[in-house]
Amino acid sequence: MIKPDAVGAGNTGAITKMIEEAGFKIVAMKKTYMSKERAGQFYAVHKERPFYEDLTNYMSSGPIVPMILEKDNAVEDFRKLIGATNPKEAAEGTIRKLFAESIEANAIHGSDSDENATIEGNFFFAEIEKF
Ligand code: GDP
């Protein structure tokens with residue numbers, strides 16, 4: 001999911017290009033928006049964290065671009081492509097190093113397991129039966 005800071009800064013195209021050039025197939029993609037409540041559902045796992053309130057405000061602050069991606073070893077390879085959560089710690093050439101503003105407004109989200117990729121794919125694209 002391309003997050004509100006990157007969509008707002010006009011980086012959707014550049015980020016999508018990097019994703020495709022890294023060998024990911026875009027199975028589904030759309031520009032949409034999460035209410036604060038829905039952002040809270042998406043990040044329910046972080047409910048007890050001190051940054052939860054800020055995070056859900058930020059994630060509902062503007063449009064987002066969720067995608068379903070396909071590739072061998074997709075979860076691990078995508079985490080490598082996006083870089084560390086904190087852009088200050090992200091490796092050179094990663095999406096977060098290039099485009100993230102801060103540890104919160106960090107340009108992009110990637111699922112952390114195949115299981116969560118299915119859950120998160122369904123969260124945005126329930127109409128696509130395969131996922
Ligand atoms: P990710 O898997 O790399 O996205 O990282 P996490 O699952 O740990 O955190 C989810 C999201 O919460 C991150 O991508 C950030 O947008 C935000 N976040 C994580 N840690 C912090 C923090 O310490 N402060 C703030 N404000 N936001 C954070």
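**Close-up views: charged pairs, a helix face and a ligand**

At 51% relative accessibility, Lys25 counts as exposed, because exposed means over 50% relative accessible area, buried under 20%, and partly exposed in between (1.4 Å probe, protein chains only). The model you're looking at is predicted, so local features need pLDDT of at least 70 and side-chain atom pairs count only at pLDDT 80 or more, while totals for chains, interfaces and linings use all residues. Residues are numbered from 1 along each chain as its sequence is written, and side-chain values use heavy atoms, with hydrogens and water left out.

**View 1. Lys25 meets Glu70 in a salt bridge.** The N to O distance is 4.0 Å; a salt bridge here is a side-chain nitrogen of Lys or Arg within 4 Å of a carboxyl oxygen of Asp or Glu. The pair links distant parts of the chain, with Glu70 in strand β2 (residues 67–70) and Lys25 in strand β1 (residues 25–29), 45 residues apart. Strands (E, at least two residues) and helices (H or I, at least four) are DSSP runs, numbered from the N terminus. Glu70 has 28% relative accessibility, so it counts as partly exposed.

**View 2. Glu92 and Lys97 form another salt bridge.** This one spans 3.8 Å from N to O. Glu92 is exposed at 69% relative accessibility, whereas Lys97 is partly exposed at 32%. By this rule, the count comes to 6 salt bridges.

**View 3. Helix α4 (residues 52–59) has a buried face.** Its buried residues are Tyr52, Leu55, Thr56, Tyr58 and Met59. Seen down the axis of α4, they fall within an arc of 160 degrees, so they line one face of the helix; the arc is that of the directions from the helix axis to the C-beta atoms. What covers them includes α1 (4–8) and α3 (36–42), with contact meaning heavy atoms within 4.5 Å.

**View 4. Here's the ligand with His46, Thr85 and Arg96 among the residues around it.** A polar side-chain atom of Thr85 lies 2.6 Å from a ligand oxygen atom. For His46, the distance from a polar side-chain atom to an oxygen atom of the ligand is 3.0 Å, and for Arg96 it is 3.0 Å.

Note on methods:
A residue is near a molecule or strand if one of its heavy atoms lies within 4 Å of it. A polar contact is a pair of N or O atoms within 3.5 Å; within protein, one must be able to donate a hydrogen and the other to accept it, and residues adjacent in sequence count only if both atoms are side-chain atoms.
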